[in-house]
Amino acid sequence: MGREIYDIINDMAEVLNASQMQKLQEVLVKWLSENTVSDYLQTTNVEFLDMFLTAKHLEGCSDKTIRYYRCNIEKMLDTINIPVIKITTEMLRKYLVEYQTINNCGKEPNNFQFVEQIRNKQQQLGEPHDFTHKQQ
């Protein structure tokens with residue numbers, strides 16, 4: 001059901017302002033989403049990424065920023081190559097160190113933000129997690 005909600009929100013993006021889009025998303029999730037743990041565990045990395053980017057769009061991020069997020073997060077997901085709900089902070093830190101070394105640049109905070117939103121959803125659903133790290 002998450003994909004359908006995403007598609008509806010995208011279709012309405014041209015005619016609604018940001019606050020209307022946010023309310024639409026809340027209503028659709030409330031009435032159409034089946035937030036069960038099994039559905040959540042079957043969500044693909046692409047679906048999680050689409051939901052994250054939709055949320056960023058609703059928060060008012062520009063199309064350029066959304067494309068930047070998509071590019072960087074897709075690179076991270078391709079490199080780490082496991083389901084996003086299983087990515088630990090240590091895996092993400094290792095990726096960022098390698099990314100910084102290869103590209104001679106600073107940290108990419110949107111990758112952390114993306115994974116943290118998935119973790120928050122896991123906690124809401126009562127899903128156990130496999131990471132034992134300190135939150136920053």
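Student: Which residue does Arg-93 meet in a salt bridge?

Tutor: The side chain of Arg-93 meets that of Glu-90, at 3.9 Å from N to O. A salt bridge here is a side-chain nitrogen of Lys or Arg within 4 Å of a carboxyl oxygen of Asp or Glu. The model is predicted: local features need pLDDT of at least 70, side-chain atom pairs count only at pLDDT 80 or more, and totals for chains, interfaces and linings use all residues. Residues are numbered from 1 along each chain as its sequence is written, and side-chain values use heavy atoms, with hydrogens and water left out.

Student: Where do Arg-93 and Glu-90 lie?

Tutor: Both are in helix α6, 3 residues apart, about one turn of the helix. Helices (H or I, at least four residues) and strands (E, at least two) are DSSP runs, numbered from the N terminus.

Student: Is Glu-90 buried or exposed?

Tutor: Glu-90 counts as exposed because its relative accessibility is 54%, whereas Arg-93 is partly exposed at 27%. Buried means under 20% relative accessible area, exposed over 50%, and partly exposed in between, with a 1.4 Å probe and protein chains only.

Student: How many salt bridges are found in the whole structure?

Tutor: The search finds 4. One of them joins Glu-59 and Lys-56, at 2.7 Å from N to O. Lys-56 is buried, with a relative accessible area of 3%, but Glu-59 is exposed at 54%.

Student: Which residues are linked in a network of salt bridges?

Tutor: Asp-50, Arg-70 and Glu-74 are linked in this way. Arg-70 and Glu-74 both belong to helix α5, 4 residues apart, and their closest N and O atoms are 3.5 Å apart.

Student: Changing topic, which residues touch the most other members of the largest nonpolar core?

Tutor: Ile-73 and Met-76 do, in a core of 17 residues. Such a core is a set of buried Ala, Val, Leu, Ile, Met, Phe, Trp, Tyr and Cys residues joined through side-chain atoms within 4.5 Å. Helices α4 (45-58), α5 (63-80) and α6 (89-103) each supply at least two residues, and α5 gives the most, with 6.

Student: What does the second core include?

Tutor: This separate core of 5 residues includes Ile-5, Ile-9, Met-21 and Leu-28.

Student: And how many helices and strands are there overall?

Tutor: The chain has 7 helices and 0 strands. Of its 136 residues, 33% count as buried.
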